Amino acid sequence: MIRGAACFRKLFQSSALSSKFTTRYYTAQAAVQPAIYSDEESGSIDWDNLGFKLMQTDYMYVTKTSDDGIFRQGQLDRYGNIQLSPSAGVLNYGQGLFEGTKAFRREDGRLFLFRPEQNAIRMQIGAERMCMPAPSTDQFVDALKQTALSNKRWIPPPGKGSLYIRPLLIGTGPILGLAPAPEYTFLVYACPVGNYFKEGTAPLNLYVEEDVHRASRGGAGGVKSITNYAPVLKAMKKAKANGYSDVLYVDAVNKKYIEEVSSCNIFVVKGNVVSTPIAKGTILEGVTRKSIMDIALDLGYTVEERLIEADELISADEVFCTGTAVGVAPVGSITYKGQRIEYKISSDLSCKKFYSRLVGIQKGVIKDERNWIVEIESSYLVQD
């Protein structure tokens, strides 16, 4: 059973949200010749040592709003810099959102996305919070497919990584007074990636930060606003200088309930109960988070979404993090109030069972009963 937050607070129920946010859209006619992309051209890439760093790929998808706020027909442009007015809304007032998802290559060569419509819906929710128009779910997924296909040669071989896809929604129109920008750009670029943390698949070592807060109630912590990330850099820099992998933040009001890590969600396991902080507007409801909750239920665990006191970390059997970039990462230790709490790492950890099932679904070796996987058709690109 799932307890708390009205069973995920229904933020990701696409049938209701799509009808609320969907507007007219145009499918891009991409002037790209698919034949120029071959797997041989990617032979110089060291797939075994990708890490999570920027690697310039070939193409990006770009579209802008017209005067009526509707996104125009998009197109694929060569990857490169974009031109912005000094008074662009995103530069002056931080009016911007981003998403993160991945494209995978299976053993048979076919390409897939994982739950891209959930990212589209989350961007629509964030756009409403930030007073921005958003692409429809169909246009969003269409853009991801085009970006993945136009950068096909950058998609790692099976088991070597994935193509990380970064959709951006930013206020590019010039504005001086504090107000929504008059024009918006939806841009999607991609980059091949391996493990997010430098530790690779090794257990993470987290530090609980009590003075610097990631978000507060009534703010934008629950959406993927660009403004959520710069404030954590100082705490991250300090923690990493002291040998920690990342920072775990507590709530800004009581300073005792854990919320999330800088770029991922967190779970606590005790016996057969899997708990994760309640989504009350100060944490991001990750797509991987939601997927792991469903998988845990499938495997017979009890799943709770609730307030979790930091003191509970002391008696936890297991702690792990989830996110599109990090996947599912076990936590080896957490330092809280000067005390280092260590967790046993073994092959039978619950998080490893969850991750194995998640990867199995993505690879196609486990049946996808929820239609999480979206295939990218090789004939998708339209030629002039």
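This is a predicted model: local features need pLDDT of at least 70, side-chain atom pairs count only at pLDDT 80 or more; totals for chains, interfaces and linings use all residues.
Trainee: Is Thr57 buried or exposed?

Mentor: Buried means under 20% relative accessible area. The relative accessibility of Thr57 is 4%, so the residue counts as buried.

Trainee: What span does helix α4 reach from its first C-alpha to its last?

Mentor: Helix α4 runs over residues 116-129 and has 14 residues. At 1.5 Å a residue, the expected span is 20 Å, and the helix is close to that. From its first C-alpha to its last, α4 reaches 20 Å.

Trainee: How many of the 14 residues of α4 are buried?

Mentor: The buried residues of α4 include Pro116, Ile121, Arg122, Met123 and Ile125. The helix is largely enclosed by the rest of the structure, because the buried count among its 14 residues is 12.

Trainee: Which residue with a positive phi follows α4?

Mentor: The phi in question is near 60°. The residue that follows α4 with this value is Cys131.

Trainee: What is the geometry of the Phe71 and Phe186 pair, stacked or edge-to-face?

Mentor: A search of the whole structure gives 13 aromatic pairs. For Phe71 and Phe186, the ring centres are 6.4 Å apart and the planes are at 70°; planes over 60 degrees apart count as edge-to-face. The pair is therefore edge-to-face.

Trainee: How many residues apart are Phe71 and Phe186?

Mentor: Phe71 is in the loop between β2 and β3, while Phe186 is in strand β8. The pair links distant parts of the chain, and the separation is 115 residues.

Trainee: Which strands hold Phe267 and Phe320?

Mentor: Phe267 and Phe320 form a stacked pair, 4.9 Å centre to centre with 0° between the planes. Both residues are buried. The pair ties together parts 53 residues apart in sequence, because Phe267 lies in strand β12 and Phe320 in strand β15.

Trainee: Which residue lies over the face of Phe112?

Mentor: The distance to the ring centre of Phe112 is 3.7 Å. The residue over that face is Arg106.

Definitions and conventions: Residues are numbered from 1 along each chain as its sequence is written. Side-chain values use heavy atoms; hydrogens and water are left out. Buried means under 20% relative accessible area, exposed over 50%, partly exposed in between (1.4 Å probe, protein chains only). Helices (H or I, at least four residues) and strands (E, at least two) are DSSP runs, numbered from the N terminus. The expected span of a helix is 1.5 Å times one less than its number of residues. Rings of Phe, Tyr and Trp (its six-membered ring) pair if their centres lie within 6.5 Å; planes under 30 degrees apart count as stacked, over 60 as edge-to-face and the rest as tilted. A charge sits over a ring if NZ of Lys or CZ of Arg is within 6 Å of the ring centre and within 35 degrees of the ring normal.
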